[in-house]
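This report describes selected features of one protein model. Please keep the sequence and the structure in view while reading.

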Amino acid sequence: MKLSVPLLLSTVFLFSCGLFANAETKTTYHSLAEMPTYGTLVPDAETRYTRLPDSLQGKIRPDLWNLGQNSAGMAIRFRTASPSVKARWHARFLNNMNHMTATGIRGLDVYVLDDDNNWTYMNSCRPDFYNKNSETTVMSGMEPRMREYMLYLPLYDGVDSLYIGTDSEYAVLPPAIDLPRKGKPVIMYGTSILQGGCATRPGMAHTNILERMLQREIVNLGFSGNGRLDYEVAQIIADNDASVIVIDALPNVNVQEIDDKMINFIRIIRQKHPATPIILVETPMFTLSRFKNESLKYLTEQNEHLDAIYQYLKDEGDDNLYIFRSEGILDGQTETTVDEYHFTDMGFKIFAENMYPMLRELLDKQGL
């Protein structure tokens, strides 16, 4: 079919106007500094996206302080009706490792609240591999309607600036729905595994999975290689009003350290919170224990010593102490680690699903 000259010109004009309109769509970047921050006990710290109070700088082990500057488990909540969403952020350290993705180390993860108030994955923000500054499109071409977002921060790096880009006529607003629920968070303390090693993206760390399952804020106090029962960390926990406290430090302490420090660590917390549920986590029977008898013996001894402490404190009258057994952590699955210890996404998901019933029961008992 041939088009008449006037119709052809009209078609070309309309088509070119469409291109011009698309070209004119501009992005406005909005700082998230005033949006609600989840997963930190120190929201007023000088460096906003940190997990340790400024007062501890120079007073704790340097390795512990530096790891506290990683934003593991932290998230920002906001809402916007923009058809396009972009992210721009600046990493503090440009960390990289040979057994974990750059997206898990210093990327971002974006979740959106669906019509049933469940969190559903939207997209990941992959970082620039060679530079601290990163910018990416999360999603474009969406129907323009208000959506509630949760932006998970890097697991093994920090951020010191964070922006969300929208089409220029759309605002970024504080969330209208209180999910995950703030106040009386679950506080989880532990090692590199708890920090999120080696999740492929931030949302797959088990603390973040549990946060979405429970719809309650979870604070991640995992410190890679440094979950060594530092009493300063026990004091941080004690200074806050948690709903449940999880102590998962065994992969970073030997049997002697368990005996010497675990009871004191718990008692520091108990001085201020005698009735708060505390869960002690046994160490998983990692893959290497199937091949090395010495490793099997060592992991078994760790759990036996933790169990002895658990029984001792229960006998003393601590009725709010619980233990999460090793056999329930990974269900004997063998595809759950990246190396000999650190979890794959499958490992994190299994761990979260297995711990969920205990946490859910303890929260329900408190009406939370």
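## The cavity

The count comes to one cavity of 30 Å³ or more, where a cavity is a set of points on a 1 Å grid over the protein atoms alone at which a 1.4 Å probe fits but cannot get out. The largest cavity holds about 40 Å³ of space; a volume is the space filled by probe spheres set on the points, which are joined across faces, edges and corners. This is a predicted model, in which local features need pLDDT of at least 70 and side-chain atom pairs count only at pLDDT 80 or more, while totals for chains, interfaces and linings use all residues. Residues are numbered from 1 along each chain as its sequence is written, and side-chain values use heavy atoms, with hydrogens and water left out.

Lining residues have an atom within 4 Å of a point. For the largest cavity they include Thr191, Asp248, Glu282, Phe343 and Phe351. By class, this lining has eight nonpolar, one polar and two charged residues (Ala, Val, Leu, Ile, Met, Phe, Trp, Tyr, Cys and Pro count as nonpolar, Asp, Glu, Lys and Arg as charged, and the others, Gly among them, as polar).

## Aromatic rings

A pair of aromatic rings is described by the distance of the centres and the angle of the planes. The structure holds ten aromatic pairs; rings of Phe, Tyr and Trp (its six-membered ring) pair if their centres lie within 6.5 Å, and planes under 30 degrees apart count as stacked, over 60 as edge-to-face and the rest as tilted. The pair of Tyr111 and Tyr121 is edge-to-face, because the ring centres are 5.7 Å apart and the planes stand at 65 degrees. Tyr111 belongs to strand 5 (residues 108-113) and Tyr121 to strand 6 (residues 119-125), so the pair ties together parts that are ten residues apart in sequence. Strands (E, at least two residues) and helices (H or I, at least four) are DSSP runs, numbered from the N terminus.

Tyr111 counts as buried at 3% relative accessibility, whereas Tyr121, at 35%, counts as partly exposed. Buried means under 20% relative accessible area, exposed over 50%, and partly exposed in between (1.4 Å probe, protein chains only). The rings of Phe343 and Phe351 also form an edge-to-face pair, since their centres are 5.7 Å apart and their planes are at 70 degrees. Both Phe343 and Phe351 are buried. Ring pairs link Phe324, Phe343, Phe348 and Phe351 into a cluster.

His206 lies in helix 5 (residues 206-214) and is buried, with a relative accessible area of 0%. Leaving out residues up to four places away in sequence, His206 touches Met188, Ile193, Leu194, Phe348, Phe351 and Ala352; contact means heavy atoms within 4.5 Å.

Thr50 is placed in the loop between strand 2 (37-38) and helix 2. Thr50 counts as buried at 1% relative accessibility.

## Backbone features

Most residues other than glycine have a negative phi, and most peptide bonds are trans. A cis peptide bond joins Leu179 and Pro180, with omega about -10 degrees. The bond from Gly197 to Cys198 is likewise cis, with omega near 10 degrees.

Asn117 has a positive phi of about 60 degrees although it is not a glycine. Asn117 is in the loop between strand 5 and strand 6. Gln215 has a positive phi near 55 degrees and is found in the loop between helix 5 and strand 11.

Key:
On a 1 Å grid over the protein atoms alone, a cavity is a set of points where a 1.4 Å probe fits but cannot get out, and a pocket is an open set with protein on both sides within 12 Å along at least five of seven lines; lining residues have an atom within 4 Å of a point.
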